Amino acid sequence: MRLDARTSERAELASFVLNEQPLTAYSMLPHNFLWDVDPSGRYVALSVYDQVLVAPAFEDEVTALYLIDTQEGTSLRLARMGIAPSFSPDGASLAYLTSETGAESYVVVRDIATRATTRVPGSDGAAACSWLGSRVLALASEAGDDLYRLVRVDLDTGETAVLVE
């Protein structure tokens with residue numbers, strides 16, 4: 001929904017149907033694991049289970065990632081498997097976790113203007129990502145025995161630095 005502050009009119013931009021199982025799972029996750037809004041408010045990145053609403057119903061076992069353009073009223077499926085979307089502080093890029101096989105995840109960054117998507121080197125096995133600056137990411141991954149490693153990645157230079165081991 002988009003609410004026009006001047007007229008209080010609501011416009012539906014996209015709708016999604018959730019059955020009880022995904023709704024229960026979603027309610028247990030922090031919101032930033034499933035969606036994010038860019039700083040301008042134009043784009044919304046949203047992770048949802050794809051469903052075909054015909055009999056027999058088919059449900060994918062993973063969440064797909066969509067980019068919704070609230071200005072144009074359009075949506076684009078970015079990834080068959082995509083979670084934890086996060087817009088950069090300047091809104092120019094979107095980082096998210098994905099996986100080709102559903103096994104080990106990694107981080108990709110999508111340039112909003114050019115639509116180019118780049119895999120972040122060294123992000124294999126990442127469990128979370130967060131922006132430290134417009135071109136700098138922090139990646140968290142398991143280091144074994146319930147320990148995690150936090151690594152800083154400069155997207156321009158490719159340089160990495162372990163922040164917490």
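## Strands and the open sheet

Two strands count as paired if DSSP finds at least two bridges between them; strands themselves are DSSP runs (E, at least two residues), numbered from the N terminus. Going by that, S11 and S12 run antiparallel and are joined by 6 bridges. One spot to look at is Ala-128, whose bridge partner in S12 is Ala-140.

This pair belongs to an open sheet of 4 strands, ordered S11-S12-S13-S14 with antiparallel pairing. S11 and S14 (160-164) sit at the edges, each pairing on one side only. On average, neighbouring strands here are turned by 30° against each other, direction ignored (axes are lines fitted to C-alpha atoms, and angles run from 0 to 180 degrees between N-to-C directions).

## What you're looking at

This is a predicted model, where local features need pLDDT of at least 70, side-chain atom pairs count only at pLDDT 80 or more, and totals for chains, interfaces and linings use all residues. Residues are numbered from 1 along each chain as its sequence is written, and side-chain values use heavy atoms, with hydrogens and water left out.

## The nonpolar cores

A nonpolar core here is a set of buried Ala, Val, Leu, Ile, Met, Phe, Trp, Tyr and Cys residues joined through side-chain atoms within 4.5 Å. Buried means under 20% relative accessible area, exposed over 50%, and partly exposed in between (1.4 Å probe, protein chains only). The largest core has 17 residues, and Val-107, Leu-137 and Leu-155 are among those with the most contacts inside it.

## Salt bridges

With a salt bridge taken as a side-chain nitrogen of Lys or Arg within 4 Å of a carboxyl oxygen of Asp or Glu, the count comes to 5. Arg-42 and Asp-69 form one, with their closest N and O atoms 2.8 Å apart. Arg-42 sits in the loop between S3 and S4, while Asp-69 is in S5, 27 residues apart. Arg-42 is partly exposed at 25%, whereas Asp-69 is buried at 8%. Together with Glu-72, these two are linked in a network of salt bridges.

Asp-156 and Arg-135 meet in another salt bridge, at 3.0 Å from N to O. Asp-156 is in the loop between S13 and S14 and Arg-135 in the loop between S11 and S12, so the pair ties together parts 21 residues apart in sequence.
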